[in-house]
Amino acid sequence: MIPVTKPFLPPIEEYQSLVSSIWERQWLTNNGPLVNELELKLKEYLRVEHLLYLNNGTIALQIAIKALELKGEIITTPFSYVATTSSIVWEGCTPIFVDIDENSLNIDPKKIEAAISQNTSAILATHVYGNPCDIEAIQKIADKHNLKVIYDAAHCFGTNYKGRSIFEYGDVSTTSFHATKLFHTIEGGAVFTKDPEVLKRMAYMRNFGHDGPEQFFGLGINGKNSEFHAAMGLVNLKYVDEVLKKRKELSLYYVEKLKGLNKKTNSLLKNSEFNFAYFPIVLPSEDILLKMVKVLNDNWVYPRRYFYPSLNYLNYVQFSEGLTVSENISKRVLCLPLYQTLSFEEVDFIARLLLRVQNN
Ligand SMILES: *Cc1c(COP(=O)(O)O)cnc(C)c1O
């Protein structure tokens with residue numbers, strides 16, 4: 001079977017050796033030495049000054065919204081994973097969807113201003129598939145209207161913009177280290193900010209708001225992560241350059257093999273370095289997509305309709321019309337299998353199946 005993704009697993013001995021050290025220390029969670037070491041190593045690798053390691057990417061989004069004290073309406077993209085929208089609603093704010101750009105598949109900055117009202121407090125945009133949003137255009141709008149910017153950078157480990165990690169942009173940037181992501185700690189996530197006040201608030205928030213055993217800085221939640229998760233991160237970090245390299249090679253191989261396929265791929269932001277986190281193709285119609293999925297499934301290949309459906313269809317948000325690009329693309333986009341142990345022969349096989357459907 002060829003799934004859309006398989007989690008990266010390092011040599012088991014390396015993980016076991018760190019687990020043994022946890023046994024010796026008997027320190028399992030709560031800001032332990034491996035968590036601290038992982039934070040340090042991640043800062044070094046990503047060349048960022050600050051980050052907070054958390055238990056997942058959804059809590060990261062919720063802590064970001066809470067720490068920036070956002071209220072009312074948050075402008076966001078309907079073309080993302082559900083956690084982007086659910087976090088807004090969970091924090092008592094209202095998502096206002098703005099359509100995406102049909103080439104980048106990211107929120108369309110040209111359509112943001114029309115959605116701003118007196119109640120707008122922020123823009124929460126996703127760098128879809130690891131491809132950066134038009135950061136400068138978004139910042140300009142945010143500055144003009146005094147809005148905060150959060151980036152859901154869950155897909156972005158290894159993506160750079162103008163030579164710097166994409167996590168450096170926005171008032172807060174969040175990411176996920178879930179097992180399906182390019183770099184993972186089984187479950188995990190992080191927040192990034194350059195604002196020392198916001199950083200401090202988020203640090204307290206991650207640990208129930210504790211300021212010492214009997215004192216509280218303010219409202220908090222359990223956003224901590226454990227030594228076992230950090231151990232997986234420390235081992236995986238040693239292999240992440242290999243992972244990035246393999247994904248690039250496989251992606252370029254797909255490009256080559258799918259030359260004859262009638263499809264579009266998303267255009268990348270200028271001055272950015274892409275991490276090849278996903279291999280999405282936009283097909284001419286939903287009909288052909290469904291035919292391709294059927295034939296792939298018949299051959300034990302399981303691509304994923306990601307993202308589908310467009311998030312304005314969630315039953316807990318006000319349905320909004322006019323999101324024609326997001327609705328249209330979400331019906332026609334397919335992410336093809338891409339993971340460390342996928343072979344070039346398998347890519348060949350998948351490509352042949354797709355072309356066979358098209359040419360039948
Ligand atoms: C994976 C993902 C999340 C959620 O991260 P978790 O660590 O699974 O909670 C949020 N947004 C996007 C775009 C994602 O892909």
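Predicted model: local features only at pLDDT ≥ 70, side-chain atom pairs only at ≥ 80, totals over all residues.
A polar contact is a pair of N or O atoms within 3.5 Å; within protein, one must be able to donate a hydrogen and the other to accept it, and residues adjacent in sequence count only if both atoms are side-chain atoms.

Residues are numbered from 1 along each chain as its sequence is written, and side-chain values use heavy atoms, with hydrogens and water left out.

The chain splits into domain 1 (12-237) and domain 2 (240-359), with bounds from an automatic or database domain assignment. Their centres, taken over C-alpha atoms, lie 25 Å apart.

## Where the domains meet

Here 41 residues of domain 1 are in contact with 39 residues of domain 2, contact being heavy atoms within 4.5 Å. Together the domains bury about 3,300 Å², 63% of it on carbon and sulfur atoms; this is the accessible area (1.4 Å probe) that two parts lose on being put together, summed over both. F97, Y129 and L182 supply 22% of the area that domain 1 buries against domain 2, more than any other three residues.

## Polar links and contributing elements

Across the interface there are 18 residue pairs in polar contact (both at pLDDT 80 or more). On the side of domain 1 that touches domain 2, α4 (82-90) gives the most, with four residues. Helices (H or I, at least four residues) and strands (E, at least two) are DSSP runs, numbered from the N terminus.
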